[in-house]
Amino acid sequence: MSEKYIELWKSIDMDIEKHNILLNALGQFYGSIYLPQKNRPQKMDYFNWVVSEVHGGRIKELNDQRALGKKVVGAFCVYAPEELVFAAGANMVGLCGGADFSVPDAEAVLPRNLCPLIKSFYGFRLNRTCPYFQSSDLVVGETTCDGKKKVYELLSELIPTYVIEIPHRPDTQQGKEFWHKEVEAFKIKLEEVTGNKITAEGLKASIELINNKRKALKRLSDLRAHSPSPISGLDGLLINQISFMDDPKRFTEKVNNLCDELEQRVKDGVGVAAKNAPRIIVAGCPMAVPNWKLHSIVQATGATIVSEESCVGTRYFTDLVEPKGDSVDELLWAIVEKYSKIPCACFTPNDRRIQSIEALAGQFKADGIIYYTLQNCHDYNVEGVKVDRAMKAKDIPMLKIETDYSMGDAPQIQTRVEAFLEIIAGKKQA
Ligand code: BJ8
């Protein structure tokens, strides 16, 4: 791939040499984790292809459209209202923030004791190895956690950055009104950047586009709830990750094609793990590409991850925007309603999230929860205390893992996961 796209990468000012090192490492990592999986659905071929072209074909597609005037908005968080971005005639992509590769560059500037996701994305912009960053005309950030909001100040020195202020008590009328003003201001910003007016008709169409994507992901999620699960946790995670990079219309169609195949597997009783394999839900911080660390460790033990209670997972697709009303303002309110239901740990209080984990544990017949926190993520780490209490009350075993993107602690995590699975096995026998 490196030769084929070299001119493209030069045109978006990438560090070609460093990027080659990243691409080689990524290819090997993917090959060693994903390709040896047995009994993968045939329709995963498309998603393998997307990964192989994630720094090539998709970047060409975005830049070909940019040449025709279509802007690219890069984002980090599921609170960035993508319906508005598409209604403004732009593309939206998730920016790289899931790899250890860029962390040393970030640590040359930022404090080391910061969340790896933040260091990763800042490092990717600094070292110019993320083609999505390099293709973005605007980056949209949000005031969720303190680390992110302070790093956006530094990021704005490197790339045009717009920050949406997120109220942390969205259930109050005050919070909703505040959010509505922020969404309205973002709409004006998008119109300014793209030169396109957002109309009610355009917004309705983009709401439908993104709702369809969320519905397809929900359909996939519901299929994973079957026992045995017809698809592996690694593949489920990969599709959730790709949802932030691929063209939404094409992606939706491909996920639905995959779901057709999985429905047949369910009818035939075909699964990817042993029938009695422990069923695990991972709850916590999002896992951006290529963060496959925990899933690969858990899967190697023979257990199945059946769901991710995460923004790269259920928090992204559970609720839809209800396209109520015919004016732009009514539709903006519909967006506020939907987005304020996403239970990020930056909200306080955040009981909706605990209720959602309890409900998922029931729906997915989970044998246990692995509570996943990135190092120095105070919001998810502290909220883990309440989640732990709630799981204890329901007699659902929970293991807390706090980690970063390096593989240094992988053997310890594996040992802890194995011990956790023994507890689950003992409980099942009792
Ligand atoms: S809505 S989870 S995508 S903020 S892991 S950077 S919170 S210190 S990513 Fe998130 Fe939006 Fe919330 Fe979802 Fe900070 Fe924690 Fe790091 Fe995090």
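**Entry 1: aromatic pairs**

I began with the rings and found 17 aromatic pairs in the structure. A reminder to myself: this is a predicted model.

I looked at tyrosine 5 and tryptophan 9 next. Their ring centres lie 6.1 Å apart with the planes at 45 degrees, so I put the pair down as tilted. The cut-offs for that label are 30 and 60 degrees, and tilted covers what falls between them. Tyrosine 5 and tryptophan 9 are both buried.

Then I turned to phenylalanine 76 and tyrosine 152. Here the centres are 5.6 Å apart and the planes meet at 35 degrees, so this pair is tilted too. Phenylalanine 76 sits in the loop between strand E1 (72-75) and helix H5 (82-87), while tyrosine 152 belongs to helix H9, so the pair ties together parts that are 76 residues apart in sequence. I noted both phenylalanine 76 and tyrosine 152 as buried.

I also came across a cluster: ring pairs link Phe29, Tyr30, Tyr34 and Trp292.

**Entry 2: the nonpolar core**

How many residues does the largest nonpolar core have? I read off 144, and those with the most contacts inside this core are Phe47, Tyr79, Phe121, Tyr132, Phe133 and Ile239. Helix H11 (residues 200-224) gives the most to this core, with eight residues. A general point I keep in mind is that nonpolar side chains tend to be buried together in soluble globular proteins.

I followed up phenylalanine 47. Beyond residues up to four places away in sequence, phenylalanine 47 touches Tyr30, Leu238, Ile239, Ile242, Phe251, Lys254, Val255 and Leu258.

Is leucine 237 buried or exposed? Its relative accessibility is 0%, so leucine 237 counts as buried. I located this leucine in helix H12 (residues 233-242). Setting aside neighbours within four places in sequence, I listed its contacts as Arg224, Met287, Asn291, Trp292, His295, Glu308 and Val312.

One of those contacts, His295, took me to helix H14 (residues 293-300), where six of the eight residues are buried. The buried ones are Lys293, Leu294, His295, Ser296, Ile297 and Val298. Just after H14, I noticed that glycine 302 has a positive phi of about 100 degrees.

Val109, Leu126 and Leu158 make a nonpolar surface patch of about 210 Å². I placed leucine 158 in the loop between helix H9 (146-155) and strand E4 (161-164).

How values were computed. Residues numbered from 1 in each chain as written. Predicted model: local features only at pLDDT ≥ 70, side-chain atom pairs only at ≥ 80, totals over all residues. Heavy atoms only, no water. Helix = DSSP H or I, 4+ residues; strand = E, 2+ residues; numbered from the N terminus. Buried < 20%, exposed > 50% of the residue type's maximum accessible area, 1.4 Å probe, protein only. Contact = heavy atoms within 4.5 Å. Core = buried A, V, L, I, M, F, W, Y, C linked by side-chain atoms within 4.5 Å. Patch = residues over 30% accessible without salt bridge, like charges linked within 9 Å, V, L, I, M, F, W, Y side chains within 5 Å. Areas by Shrake-Rupley, 256 points an atom, 1.4 Å probe, with all protein chains shown as cover. Salt bridge = Lys/Arg side-chain N within 4 Å of Asp/Glu carboxyl O. Phe/Tyr/Trp six-rings, centres within 6.5 Å; stacked < 30°, edge-to-face > 60°.
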